[in-house]
Amino acid sequence: KYVAFDFDGNVAICEINITVIDETPPLLSCPQSYVIELVDRQDSYVVNFNETRRRVNASDESGPVTVTFIPDQATIPIGNFENVTVVAADKYGNKATCYFQVAVQATPCVDWELKPPTNGALNCLPGDKGLQCIATCNPGYRFTDGEPVKTFSCEYKNPWTPTSVVPDCVSEDTQQAEYHVIATVIYRANGAVAPACLPEYTHLMSNYYQQVNEILSQRCSAVNVNMNVSFIGEKPQLLEDNLVQIDFSLVVLPAVRQPQLYDLCGSTLNLIFDLSVPYASAVIDPLINVSAIGNQCPPIRALKSTIGRGFTCNVGEVLNMDTNQVPRCLHCPAGTFAGIKAKTCTYCPRGFYQDRDRQGECIRCPLGTYTQEEGSKSLHDCVPVCGYGTYSPTGLVPCLECPRNSYTSEPPTGGYKDCQACPANTYTYQPASPNKEFCRSKCPPGQFSETGLAPCFPCPANFYQAQSGQTVCLPCATNTKTAGPGAASRDECQAMQCTENSCQHGGLCVPMGHTIQCFCPAGFSGRRCEIDIDECASQPCHNGATCIDLPQGYRCQCKSGYSGINCQEEKSDCRNNTCPERAMCKDEPGINNYTCLCRSGYTGINCDITINPCTAAGNPCKNEAACIALQQGRYKCECLEGWEGQHCEINIDDCAEKPCLLGANCTDLVADFKCDCPTGFMGKRCQEKIDLCDGNPCKHGVCVDKFFSHQCICDPGWTGDACETNINECNSYPCENGGQCTDLINGYSCTCELGYTGKRCQHLIDDCASEPCQNGGTCVDMLDGFACKCRPGFVGLQCEAEIDECLSDPCSSEGTEKCLD
């Protein structure tokens with residue numbers, strides 16, 4: 001706010017509003033992530049994150065900060081965690097965010113921390129220093145490694161050994177293992193073998209499989225025990241240009257499943273496929289000596305062989321050899337896997353899981369997640385890893401923020417277990433730095449930045465900073481200044497001195513605001529008081545006066561009749577006798593300029609003529625009212641009937657007393673009113689009743705007057721407001737069986753089809769009622785007439801004719817004298 005004034009008392013005020021837009025978010029720091037450990041068993045735990053508000057540090061230069069937790073509470077299942085976002089907002093809408101995690105888990109070394117095995121049980125007993133839990137399997141189930149029980153122990157508040165994952169029990173009642181013989185035969189060719197020849201050789205050999213299967217089954221069969229030997233596959237590969245290897249797979253299935261029979265057949269097949277034994281391999285000669293195939297594939301001949309045999313299982317299964325019977329294939333449970341020919345089920349390594357049994361490999365956790373233990377059985381065991389400015393002792397959530405001057409970047413597979421220190425002489429502004437680029441050097445003396453770290457800016461002129469790593473520069477004293485920007489010491493703030501020539505015309509010199517300021521005497525201005533102010537420039541003199549500029553002011557030479565410092569005062573032209581007795585003098589601007597104002601009711605030069613107010617400007621009374629003149633220009637109006645007011649301008653409301661009956665609408669007139677009567681009434685005030693039935697409005701009915709309306713009660717067969725419409729009774733189609741309907745007054749008539757009768761043609765005419773059939777014939781009523789069923793010996797429409805049965809000579813001519821009808 002600036003205020004300017006002169007010696008004449010004139011004041012000018014100027015105000016400037018400076019708005020600085022706040023775009024800086026609040027300062028915010030979150031609490032470290034933490035774990036809630038439960039002693040008592042429960043499935044989940046409700047956490048109210050607002051309770052951690054006292055551990056959140058939030059501040060802003062603009063004033064109070066609103067802190068919000070997203071979510072503000074959560075129900076966390078045991079073994080899981082929740083990401084919490086903290087948002088701090090100032091009153092201008094600038095926001096800052098930070099994050100922390102809360103995990104809920106069982107206190108180490110409590111019995112319910114271990115999950116019992118599937119198809120088994122877990123029994124925990126307290127010891128001197130902790131717990132010991134024994135896992136067993138239900139009858140018919142077992143652990144795949146053959147151990148009858150598994151023991152897990154822990155000391156209070158310490159992890160379980162050997163692990164906290166209990167393997168599941170698997171069924172012993174599974175399929176029996178298959179007995180496979182793998183014969184590997186190496187062939188030499190007479191020339192180079194193309195890769196395309198390999199499937200040609202195996203296809204040619206497969207044509208002999210049925211024949212060889214029968215021979216091998218016969219060789220293996222013992223007394224009263226049939227053995228079934230079958231080829232189930234082959235795998236060729238090219239070792240050299242002229243060397244081919246083929247792996248033949250055979251399966252042995254005896255009629256009586258005893259281990260000795262399998263081994264007996266396996267020994268027999270071992271002998272047959274052993275090429276070093278003379279004549280034993282003759283039965284498989286089609287597989288040993290293979291002829292050429294066309295011109296492309298040369299003949300091949302077996303050189304040597306190796307044989308492997310034994311019981312095998314599929315991928316994800318292992319042999320149960322703890323039996324005298326044929327071994328069975330145990331299914332590897334969830335959390336484990338087994339490859340082909342594997343002897344044991346292997347735990348899934350960390351970073352992998354398997355939620356199904358009988359699997360040959362484990363599933364890798366999604367990117368950015370890892371498991372805490374080996375043998376994980378569920379995708380839920382894959383938890384996020386720490387990185388990007390966080391770490392934890394396990395490398396997994398919940399993660400802690402890296403302290404200042406350290407960092408972690410993109411996490412490795414198992415997450416960061418500690419933070420990496422910044423290079424020498426570099427620092428971070430805040431904790432939880434997500435990569436090495438946040439490690440920066442401090443600003444040197446004479447420079448600053450928002451963080452105190454690079455990139456830095458020099459201190460502006462008349463500011464200094466003697467320390468390194470600072471976020472602001474300090475101002476020099478107001479009577480000192482620096483030689484330029486980037487001052488690194490307070491000593492660079494040099495004091496300013498006033499000299500005789502600093503200010504002119506006697507101005508007062510004061511060192512302030514890091515410069516020389518001059519306070520000028522009246523009549524002078526400018527930075528050094530070098531300007532003589534022309535006070536006449538603002539034209540301070542009025543009424544044509546002449547302004548004379550002086551060294552520290554001005555003077556006005558007034559014209560005749562004016563006075564005052566600015567000639568603003570004029571002598572009055574009004575005297576006691578300037579205007580007549582009945583007038584008042586009004587002084588006007590200028591010399592000898594005035595006006596005489598007559599009193600009310602008078603006019604003329606000398607204000608001696610009386611004014612008639614009723615004729616001077618026309619009749620002031622409205623609506624033909626009479627005007628009566630009074631003294632001193634006053635008058636009064638005598639109003640006609642129906643009008644009132646000073647000038648008879650107001651119409652008297654004749655409807656004010658509600659003269660209309662029955663709630664009828666009233667219209668105000670001049671000294672009168674009009675009523676809008678409802679139907680059925682008339683008269684000035686709607687007091688007379690009209691007969692609404694006068695004139696017989698009902699054509700075919702009786703009229704009933706209901707005061708405001710009439711109602712027609714129609715005669716039977718008529719309808720409509722005036723009973724003018726004849727009801728068409730045929731609209732409901734009353735006639736049945738195809739009868740034609742004719743509308744009548746209050747009724748109808750049906751013309752029936754042949755064979756029907758009744759009001760609605762609903763009855764069938766009984767043509768048998770007159771008993772038309774003769775001679776005991778039976779009458780059958782028809783739609784159009786009747787039919788007679790005649791007794792034997794009669795015929796005719798009505799059975800009226802008797803048949804002469806003798807006309808057909810039914811009697812034999814021999815021995816018959818006469819036929820009697």
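Into which domains is the protein divided?

1. Domain 1 covers 22–107, domain 2 covers 120–174 + 331–382, domain 3 covers 178–312, domain 4 covers 386–458, domain 5 covers 729–764 and domain 6 covers 773–820. These bounds come from an automatic or database domain assignment. The centres of domain 3 and domain 5, taken over C-alpha atoms, are separated by 100 Å.

2. A word on the basis of this note: residues are numbered from 1 along each chain as its sequence is written. This is a predicted model, in which local features need pLDDT of at least 70, side-chain atom pairs count only at pLDDT 80 or more, and totals for chains, interfaces and linings use all residues, while side-chain values use heavy atoms, with hydrogens and water left out.

3. The unreviewed UniProt entry places the feature "domain: EGF-like" at several spans, including 532–568 and 651–687; such positions are given in the numbering used here, feature names are shortened, and annotations may be inferred rather than shown by experiment. Residues 532–568 are 0% helix and 35% strand, with end C-alpha atoms 26 Å apart. For residues 651–687, the end C-alpha atoms lie 26 Å apart, and the span is 0% helix and 35% strand. Helices (H or I, at least four residues) and strands (E, at least two) are DSSP runs numbered from the N terminus.

4. Strand β59 (residues 701–705) pairs with strand β60 (residues 710–714) in the antiparallel sense over 5 bridges; pairing requires that DSSP finds at least two bridges between two strands. D705 has H710 in β60 as its bridge partner. The two strands β59 and β60 form a hairpin with 4 residues between them, and F707 in the turn has a positive phi of about 70 degrees.

5. The structure holds 7 salt bridges, each a side-chain nitrogen of Lys or Arg within 4 Å of a carboxyl oxygen of Asp or Glu. One of them joins K377 and D168, with the closest N and O atoms 2.8 Å apart. This pair links distant parts of the chain, 209 residues apart: K377 is in the loop between β27 (369–370) and β28 (383–384), and D168 is in the loop between β14 (149–155) and β15 (170–171). D168 is buried at 10% relative accessibility, whereas K377 is partly exposed at 23%. Buried means under 20% relative accessible area, exposed over 50%, and partly exposed in between (1.4 Å probe, protein chains only).

6. R760 and E736 also meet in a salt bridge through their side chains (2.4 Å, N to O). R760 is partly exposed at 30% relative accessibility, and E736 is partly exposed at 32%.
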